[in-house]
Amino acid sequence: MANHLSSLKRIRQNHTRRLRNKYAYKSTKTAIKKLLIDNKNKKQYSIVLSMIDKLAKKNIIHVNKAARLKKKLSKKILIS
């Protein structure tokens with residue numbers, strides 16, 4: 001365990017940020033699943049795309065993964 005106050009603070013900060021990132025990622029995955037179930041909702045589609053873009057902007061997911069997810073969603077939404 002770290003002894004310096006700064007490293008203890010860093011541990012607390014990392015924990016808080018990890019939880020925040022996990023919440024954002026999980027809520028985006030849930031929104032994607034709901035969109036795939038009810039894929040006629042165009043408003044929900046734009047909300048999910050913006051959520052994916054925000055994850056990529058905050059470096060929670062990689063930019064290429066965001067592009068892959070958006071491409072996969074657009075294929076499934078436009079086909080059906």
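Is Lys58 buried or exposed? I looked this up and found Lys58 exposed, at 60% relative accessibility (buried is under 20% relative accessible area, exposed over 50%, partly exposed in between, with a 1.4 Å probe and protein chains only).

I note that this is a predicted model, in which local features need pLDDT of at least 70, side-chain atom pairs count only at pLDDT 80 or more, and totals for chains, interfaces and linings use all residues. Residues are numbered from 1 along each chain as its sequence is written, and side-chain values use heavy atoms, with hydrogens and water left out.

Asn59 is exposed, at 65% relative accessible area. I recorded a positive phi of about 60 degrees for Asn59, although it is not a glycine.

**Positive patch.** I listed Lys9, Arg10, Arg12, Arg17, Arg20, Lys54, Lys57 and Lys58 as its members (patch residues have over 30% relative accessible area and no salt bridge, with like charges joined within 9 Å). Helix α1 (5–37) gives the most, with 5 residues; α1 and α2 each supply at least two.

**Salt bridge.** I found 1 salt bridge in the structure (a side-chain nitrogen of Lys or Arg within 4 Å of a carboxyl oxygen of Asp or Glu). The side chains of Asp53 and Lys70 form this contact at 2.9 Å, N to O. Asp53 belongs to α2 (residues 42–57) and Lys70 to α3 (residues 63–79), so the pair ties together parts 17 residues apart in sequence. Asp53 is partly exposed at 36% relative accessible area, and Lys70 is partly exposed at 27%.

Note on methods:
Helices (H or I, at least four residues) and strands (E, at least two) are DSSP runs, numbered from the N terminus. Patches are made of residues with over 30% relative accessible area and no salt bridge: like charges are joined within 9 Å, nonpolar side chains (Val, Leu, Ile, Met, Phe, Trp, Tyr) within 5 Å. Accessible areas come from the Shrake-Rupley method with a 1.4 Å probe; for residues, only the protein chains shown count as cover. Lys and Arg count as positive and Asp and Glu as negative; His and the chain ends are not counted. The place of a charge is taken as NZ of Lys, CZ of Arg, CG of Asp or CD of Glu.
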